[in-house]
Amino acid sequence: MSQACVDVGGGLTMRFMRIFHGRFAVAIVALALLCAGSFAAFAENVLVQGNKRIDSDTIAAYFSGSDQASINKGVKDLYATGLVSSVKVSRAGGRVVISVSENNVINRVAFEGNSKVKTETLTAEVKSKSRGPYSQTIVDADIERIKDVYRRSGRAAAKVTARTVDLPNGRLDVVFTIDEGEKTGVKTINFVGNQVYSSGKLRDLMQTTEMNYLSFFKTSDVYDPDRIASDLELIRRFYLKNGYADFHVVGSDAQFDPEQGGYIVTITVEEGVQYTVAAVNVESHLPDLDGASLLPFVRLSAGEVYNGDLVEKTVDALTKEVGKHGYPFTQVHPRGDRDPATHTVTIAFVLDEGPRVYIERIVVRGNTRTRDYVIRREFEIGEGDAYNRVLVDRAERRLNNLGYFKKVKITNEQGSTQDRVIVVVDVEDQPTGSLSLSGGYSTSEGFIAEVSVTETNFLGRGQYVRLAVSEGQFSRGVEFNFTEPYFLGDRLAAGFDVYAKKTDAFQFSFYNDFVTGATLRLGLPVTEEITFSPRYSIYRTDISIPNNSGRPFDDCNSPINGVTPGFGTSAPTFSFNCLTNGEASLALKQAQGPFVTSSFGYTLGYSSLDNNRNPTGGFFAELRQDIAGAGGDERYVRTTGDIRYYHELYDQIVGLVHLQGGDLAAFGGTQLRIVDNFNLGPSLVRGFAPFGIGPRDVGTGDPQGNPLGGTKYFGGSLEAQFPLFGLPRDLGLKGAIFADAGTLYGFTGRTNFSPNGVCTPVDVAPLFTQSNCITVGGNSTKLRTSAGGSIIWSSPLGPIRFDFAKVITKSQFDQTQFFRFTGGTTF
């Protein structure tokens, strides 16, 4: 067969295109018919042998001619189909003989011995598929793929073998047998080249941890290349944030050591020097837009340490601002001119008009559960808008921060024209629901347990739902929370809380408290650091004084036979009467019964913390105000403020300055109830008992259980937190030393409960009963102070803290507590 026919059969090569170029259309058609006849003649001279399931004509079609080049190409293409295991071509009697051995057809692919990795995961990973051709080469590659899955799951020692089970009609089963072995984690993480920050500090930045005797509690020590890559990015951003503009990771290496039973990870870095900012300017190449007018949107200032995070935030802010001025295609490029001699950098934010490219479509792929609109609403741009890479990157960060997906990747594809682009969002959903059992103990609240069900992506709509039930030594309750993060389609969180909680009297408080209520709330992000959250709350509080043999807190009014002195017991005396076995204050008794509180309030918050869970730097401030009086029985304004500043004093030693204060004032001619007052203790000054600071009724015989509370408080703390050297980082133990100071005062409640205004003393024989007036002690602005140390454990079972505090100054009637323990768990 001529080469010309081969070319026509392949679809008219460029050679024929040049020869016949449009002027010989008739000749082309004639040649095509001639070649078709030649192909038919060739097929008649081909003999196919050895095939059982594959049609002979199908095999012959892969060979376009009898010349050697055509035969070589046909053999190669036939092998590529995976349908045959061998192909031999010979000639006999003027005919081309093609002998084939067909591959068996896979009936099913099965896995044995896998319990740590689901069969569905392995099925998706292997290339051998049911009803597909069997290939030993592919099976061998599948073995390596399965091993790789186990390596990523932290089981590098897993062993995989494959066998086949023959079935009739050329079919077979492929069975992979897996010995999962023990979990293979990261034994050691080593750093090379770091001088400024210790290896321990850098390891603290990583999500990956080292193996130790707590490994059975955690999975963070499992070797995962993707997580290591993410850790390297965290380290890079940390250095850039702290002024090391030349920092880069030279390389990372992970070697499995069978003797140690884990991976040895070595990360080599080059830190460079720390830069300070010499000058900052905005260089605008846009018409009618002066760079100087955009300087207020720059987050850095001359003299500051260079901060890569602030550079990124400045790029975002400038991109949004110039977009408002009618330049949606603007590209903002930060340029840093370094001066190695002075270790300074001059930063210029260059604004250029970018290419006029529009978003044709936004395509979302891979979301099997999360709805499309939940993903699309994280974009500040939409279909038809000008394409802006900065805003696309911001959307990717937001999607990653949602916690709904294992991975998020945004790429671009060419649109229908050169000025159109298709934005492709590839995601992989991950479980977002949790069932948790929490438990804890504190010296103030006793033992407590909680069962909760939480879903952060309810029905794939991005809504937060939580139901919790708690039961404790002194309290029990139920709570339901719901939050819609995009109320009415805007970036405005809206939600509600419904709750009921009953708290029993205990040694620090002589009353029962049953509260049922609901709260409606909104959350409005003003900036990335500032949030404003208005709310409306309505709740019913029912106060009661227990009076039984175990808690005779009202037996001066209602004596209990066999318990109250003089009633089935010996006669009362000054030291043995209804007051000495514990008696609630008259202020508490006045507050008994149900009452309704209806209030509007808000929280104004600011946070620049580097880590909300374990901050080492940044500033947090919160102002809360609630105004009760929109109906209900209460009329007051409650205002509280909380400020915290974290700063790393030295490598892994974090300093904390904490300031707090509050004010409570009634209005409308009403009087505050005792339960409305601030009642504080170790949350203000450590070393004091719960409700241990401030005004108390000292005339009841037991001032410990009769705090009156106050209407004003303020306090401050200095604390330094540091690792406990010599202990594994994963143990989560660190120490702290602190000094606290604060006071609570301003009791404004009623003190005289006598009908005629005349107080009856306590020590009036023969009953020695309760006076009709209360005696207030500790109602002064005297500063309470303490100092001490703490052990803080971020344990696998939850946060646990041990505080040891020595009170330095106190009021006469304050209640102290040297040791305080709080702890909890979620598992």
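## The largest cavity

Ala587, Gln590, Gln671, Leu672, Arg673, Ile674, Asn677, Phe747, Thr748, Gly749, Arg750 and Phe753 line the largest cavity, where a cavity is a set of points on a 1 Å grid over the protein atoms alone at which a 1.4 Å probe fits but cannot get out, and lining residues have an atom within 4 Å of a point. This is a predicted model, in which local features need pLDDT of at least 70 and side-chain atom pairs count only at pLDDT 80 or more, while totals for chains, interfaces and linings use all residues. Residues are numbered from 1 along each chain as its sequence is written, and side-chain values use heavy atoms, with hydrogens and water left out.

The volume of the largest cavity is about 90 Å³, a volume being the space filled by probe spheres set on the grid points, which are joined across faces, edges and corners. Its lining comprises five nonpolar, five polar and two charged residues (Ala, Val, Leu, Ile, Met, Phe, Trp, Tyr, Cys and Pro count as nonpolar, Asp, Glu, Lys and Arg as charged, and the others, Gly among them, as polar).

## The second largest cavity

Strands (E, at least two residues) and helices (H or I, at least four) are DSSP runs, numbered from the N terminus. By class, the lining of the second largest cavity has five nonpolar, two polar and three charged residues.

## The second largest pocket

Of its 32 lining residues, Val311, Glu312, Val315, Val332 and Pro334 are the closest to its centre. Strand β11 (330-339) gives the most to this lining, with eight residues, and the lining divides into 14 nonpolar, seven polar and eleven charged residues.

## Packing of α10 and α12

Helices α10 (residues 308-324) and α12 (residues 389-402) pack at an angle of about 125°, with their axes 10 Å apart. The contact (heavy atoms within 4.5 Å) is made by Glu312, Val315, Asp316, Thr319 and Lys320 of α10 and by Val390, Leu391, Arg394 and Arg397 of α12; by class, these residues are three nonpolar, one polar and five charged.

Note on methods. Axes are lines fitted to C-alpha atoms, for helices over the stretch in contact, and angles run from 0 to 180 degrees between N-to-C directions. On a 1 Å grid over the protein atoms alone, a cavity is a set of points where a 1.4 Å probe fits but cannot get out, and a pocket is an open set with protein on both sides within 12 Å along at least five of seven lines; lining residues have an atom within 4 Å of a point.
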